[in-house]
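Q: Hi! Could you walk me through a few spots in this model?

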Amino acid sequence: MGIIAARNQAFHIARGDVVFTLDDDAVFSSAEVVENVLRDFELPFVGAVTIPLTDHFPDGTTRIRIDEEAAQADFRCIRIFSGGANAIRRGLFLQLGGYAGMGRQFEERGVAIRMLEKGYIVKVADQARIDHFPQVASADRERIIYWNTRNGIAWACRYAPFPQVIWHCLGMLFQHLKIGIAERKPLQPATGFVAGIGDCLGSRELRTPVRVNTFKVFCKLGAQGIIRFDELQRLLARHSLELAREHRVGAPVAGGVSSHREGP
């Protein structure tokens, strides 16, 4: 059925409040990962947690995606969770409609921006790590570039408000063309762009843009990368966005943000 449809089905089958996703080329670094990540959901406005990855390449080299010590030093947030190493509130995920059926690559962005629209954020796990053992062949890389471009355009057409959708699509084409040319695979982003535009024209009824302020915050989070929670609060305040809360204000937590209990 494909990875996206399978993940959506897993969320319907699962019965826990939080669902973990782990790719088949990755393993938990310790037996405490799940327990430690679940603590991050004690804050009610955390919709998803991205778990830092350590890449272990076939040549014996390693790469740390997110510095674990820095993550422990402060409450840190990020725009998008890693598709292959994350934990998400099951009720919220189902409420948002799950992953959009765009094939592989980019599915996390759709959930993340709709999550932000509802007042939920993505937190970086501060006491957990995933060991990742990628085995990327050239053909895999070609497919990744193609699908990143195609689904990036489809994502923008679906969620970006007007007129930002125009500039975002053009910027995404330029960005992926640079990647394709640098890797000597220029055909993949070009064909991906054409396919993405075709998808948009063929499914205009699926366009569900978020608010302009939400989109601006989402783009700024992408430009800033990982930021501390207090910086995120200031960014949200500048654009009049609030974190998730109950209809009645609960006890203040995390620097004045109201408490909230989420149901499925």
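Q: Which residues form a nonpolar patch on the surface?
A: Leu-22, Phe-28, Val-34 and Leu-38 do, with about 280 Å² of accessible area together. Patch members have over 30% relative accessible area and no salt bridge, and nonpolar side chains are joined within 5 Å. Areas come from the Shrake-Rupley method with a 1.4 Å probe, and a salt bridge means a side-chain nitrogen of Lys or Arg within 4 Å of a carboxyl oxygen of Asp or Glu.

Q: Is this a predicted model, or what should I know about it?
A: This is a predicted model: local features need pLDDT of at least 70, side-chain atom pairs count only at pLDDT 80 or more, and totals for chains, interfaces and linings use all residues. Residues are numbered from 1 along each chain as its sequence is written, and side-chain values use heavy atoms, leaving out hydrogens and water.

Q: Where is Val-34?
A: Val-34 is in helix α2 (residues 33-39); helices here are DSSP runs of H or I, at least four residues, numbered from the N terminus.

Q: New topic: is Arg-184 buried or exposed?
A: Arg-184 is exposed, at 78% relative accessibility. Exposed means over 50%, buried under 20%, and partly exposed in between. Arg-184 lies in the loop between α7 and α8, and has a positive phi of about 60° without being a glycine.

Q: And which residues of α5 are buried?
A: Among them are Val-111, Ile-113 and Leu-116. In α5 (residues 107-117), 9 of the 11 residues are buried, so this helix is largely enclosed by the rest of the structure.

Q: Which peptide bond is cis?
A: The one from Phe-162 to Pro-163, with omega near 5°.

Key:
Patch = residues over 30% accessible without salt bridge, like charges linked within 9 Å, V, L, I, M, F, W, Y side chains within 5 Å. Helix = DSSP H or I, 4+ residues; strand = E, 2+ residues; numbered from the N terminus. Buried < 20%, exposed > 50% of the residue type's maximum accessible area, 1.4 Å probe, protein only.
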